[in-house]
Amino acid sequence: MITRPCPRCQKELEWTEYEGQRVMRCATCRGHLVPAPRLRAIKRSDQLGADALMEEAARDFKGPTPIAASCPACKVRMRPEPIPVPGMDVHMDVCRSCQMVWLDGGELALLQLAYEQTPEYQEIAERRRRARELEACPERSARFQEDLSRLPDEPSLVGEIVHELVTEIATPRHRWGVWSAFRGLR
Ligand SMILES: [Zn+2]
Ligand SMILES: [Zn+2]
């Protein structure tokens, strides 16, 4: 598998698994390079609970990085997109041509913690809970799977994924919840 140099410390990134998704990670600065469609899968995953994410953010987040990273693949300066955590100046760096997102140490955990406060995530968590209940009942489970198969396929362009993330997290009525979740980190 191809590896790339870390855009912050130039050390070779290594492939690793994060919440069931293959991503590249820098062992030194603990940043992650994530193909955009996998970012969506990661944010929705509940493999890492809030405690584990909070621990990761507290350990790996070293404060805001004012200069955008250069894309490890095409070397073009990446575009900073805010991760809307109230009171914190955090950005992910996006390369639209390579469909790659760079997150500095701890930012992947911060992004997920912010996302978990949104109604969309709460709804997913609720659906997951119901699905687990259904596993006990084959007949209802079959009907549920049929309903799921009728849902339209989702687009997977990086612009849409990033826009979706930013707007979901930034909705004003959820700011309080997000803010409360991060109080301990500031
Ligand atoms: Zn690094
Ligand atoms: Zn690129």
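Trainee: Leaving aside neighbours within four places in sequence, which residues is Val101 in contact with?
Mentor: Keep in mind that this is a predicted model. Once those sequence neighbours are set aside, Val101 touches Val34, Ala36, Leu39, Met92 and Val94.

Trainee: And what is the largest nonpolar core built from?
Mentor: That core holds 31 residues, and Val101, Trp102 and Leu110 have the most contacts inside it. Two or more residues each come from strands 2, 3, 5 and 6, and from helices 1, 2 and 3. Helix 3 supplies the largest share, with six residues.

Trainee: Which residues is Met24 in contact with, leaving aside the ones within four places in sequence?
Mentor: Thr3, Arg4, Leu13, Glu14, Trp15, His32 and Leu33. Take Leu13: it is eleven residues from Met24 along the chain, yet their C-alpha atoms are 5.8 Å apart.

Trainee: How many buried residues does helix 4 have?
Mentor: Zero among its 16 residues, so hardly any cover there, going by the cut-off of 20 neighbours. As for its length, helix 4 runs over residues 119–134 and reaches 22 Å from first C-alpha to last, close to the 22 Å expected at 1.5 Å a residue.

Methods: Residues numbered from 1 in each chain as written. Chains lettered and ligands numbered in written order. Predicted model: local features only at pLDDT ≥ 70, side-chain atom pairs only at ≥ 80, totals over all residues. Helix = DSSP H or I, 4+ residues; strand = E, 2+ residues; numbered from the N terminus. Expected span 1.5 Å × (residues − 1). Buried ≥ 20, exposed ≤ 12 C-beta atoms within 10 Å, placed from the backbone. Core = buried A, V, L, I, M, F, W, Y, C linked by C-beta atoms within 7 Å. Contact = placed C-beta atoms within 7 Å.
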